[in-house]
Amino acid sequence: MFLAALVLLGLLAAWELGVRLAGVPTFILPSPSQIALRFIWDFELLAGHFLVTLGEIALGFAIALVSAFACALAIFYNKTVERVFYPIIIFLQNMPLFAIAPLLKLWLGFTIWPKVTVAAIIAFFPIVVNTVDGLRATDPDLIDLLKIFGASQRQILQKVQLPSALPFIFSGARVGITLSVVGAVIGEWVGAQAGLGYVMLRANATLKTDLVFAAIFALAILGVVLFGLLTLLERWALPWRRVRSANREP
């Protein structure tokens, strides 16, 4: 962590020095100090739009998590569902979001739902794929042993398959939560009255490039915090993984 912070500070220093020595205008590329000042000056503005974007991300991610888990169970237990819907899911994942977002705005109107839907769509794929892989990674010998002792399919799922799949689910969720940030901003770019993506568009139109970077900085902080919260939740839910990691350390 210390080394990463040191490298980041070095990059920021090089950016600051390069912009100042080259005399680059602020509207083309502001220096980190100018961005920091803009972030402080417009903190109240950014905070209000930050909360709007956070709400879109949280709702979209929650929808993606629930629907992806249900879809993963259906794919895992039913080969017909896998053959029919898995290719469709992959096809939808490869569709450009910029092509979908305007249609969602047309269908759902100027509400929160187009942004939420884009955030949910982009977060859905990594969660469902990782969940399916996690369910399939369960030791088959252990499942056979439980069947010998008369365990039902529901009991096997609750006691063995879900616990063994949790690391995979959390991995997909961490990827999904960061992608949902991107999805919400894309939705705001297409049509919104609030949110950090809206701030970026308005600032770019008035050549306030330092405000654009300040909004990007706020989004980066949001993504890192959400990723960190899921990592902490994983450590709490899977204490045995923390113990194994500690045992591997020299």
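Student: Is Tyr77 buried, exposed or partly exposed?

Tutor: This is a predicted model, so the values are computed from it. Tyr77 lies in helix H3. Buried would need under 20% relative accessible area, and exposed over 50%. Tyr77 has a relative accessible area of 38%, so Tyr77 is partly exposed.

Student: Which side chain makes a polar contact with the side chain of Tyr77?

Tutor: Start with the contacts of Tyr77. Leaving aside neighbours within four places in sequence, they are Gln153, Leu157 and Gln161. At 3.2 Å, the polar contact between side chains is with Gln161.

Student: How far apart in space are Tyr77 and Gly223, C-alpha to C-alpha?

Tutor: In sequence, Tyr77 and Gly223 are 146 residues apart. In space, the distance between their C-alpha atoms is 33 Å.

Student: What does the C-alpha trace span along its principal axes?

Tutor: The trace belongs to a protein chain of 250 residues, of which buried residues make up 38%. Along the principal axes, its span is about 75 × 55 × 30 Å.

Student: Among contacts between residues at least 6 apart in sequence, what share joins residues at least 24 apart?

Tutor: Take the contacts in the protein chain between residues at least 6 apart. Then keep those joining residues at least 24 apart. That share is 73%.

Student: Which residues does Ile89 touch, not counting residues up to four places away in sequence?

Tutor: In soluble globular proteins, nonpolar side chains tend to be buried together. With residues up to four places away left out, Ile89 touches Cys71, Ile75, Phe124, Phe125 and Val128.

Student: Is Glu188 buried or exposed?

Tutor: Glu188 is found in helix H8. The cut-off for buried is under 20% relative accessible area. Glu188 has a relative accessible area of 1%, so Glu188 is buried.

Student: Which side chain is joined to that of Glu188 by a polar contact of 2.9 Å?

Tutor: Leaving aside neighbours within four places in sequence, the contacts of Glu188 include Thr53, Glu56, Lys115 and Tyr198. The polar contact of 2.9 Å between side chains joins Glu188 to Thr53.

Student: Is Thr53 buried or exposed?

Tutor: Thr53 has its place in helix H3. Not counting residues up to four places away in sequence, Thr53 touches Ala184, Glu188, Gly195, Leu196 and Leu219. Its relative accessibility is 0%, so Thr53 counts as buried.

Student: What is the relative accessible area of Ile35?

Tutor: Ile35 has its place in helix H2. Leaving aside neighbours within four places in sequence, Ile35 is in contact with Trp15, Pro30, Asp210, Phe213 and Ala214. Ile35 is buried, with a relative accessible area of 9%.

Student: Which residue caps the N-terminal end of helix H7?

Tutor: Helix H7 covers residues 140-148. The backbone nitrogen of Asp141 lies 3.1 Å from a side-chain oxygen of the capping residue. That residue is Asp139.

Student: Is Leu207 buried or exposed?

Tutor: Leu207 is found in the loop between H9 and H10. Although Leu207 is not a glycine, its phi is positive, about 60°. At 55% relative accessibility, Leu207 counts as exposed.

Student: How far apart are the mean positions of the positive and negative charges?

Tutor: The protein chain has 18 positive and 13 negative charges. Their mean positions are separated by 4 Å.

Notes:
Residues numbered from 1 in each chain as written. Predicted model: local features only at pLDDT ≥ 70, side-chain atom pairs only at ≥ 80, totals over all residues. Heavy atoms only, no water. Contact = heavy atoms within 4.5 Å. Polar contact = N/O pair within 3.5 Å; in protein donor to acceptor, adjacent residues only side chain to side chain. Helix = DSSP H or I, 4+ residues; strand = E, 2+ residues; numbered from the N terminus. Buried < 20%, exposed > 50% of the residue type's maximum accessible area, 1.4 Å probe, protein only. Lys, Arg positive; Asp, Glu negative; His and termini not counted. Charge placed at Lys NZ, Arg CZ, Asp CG, Glu CD.
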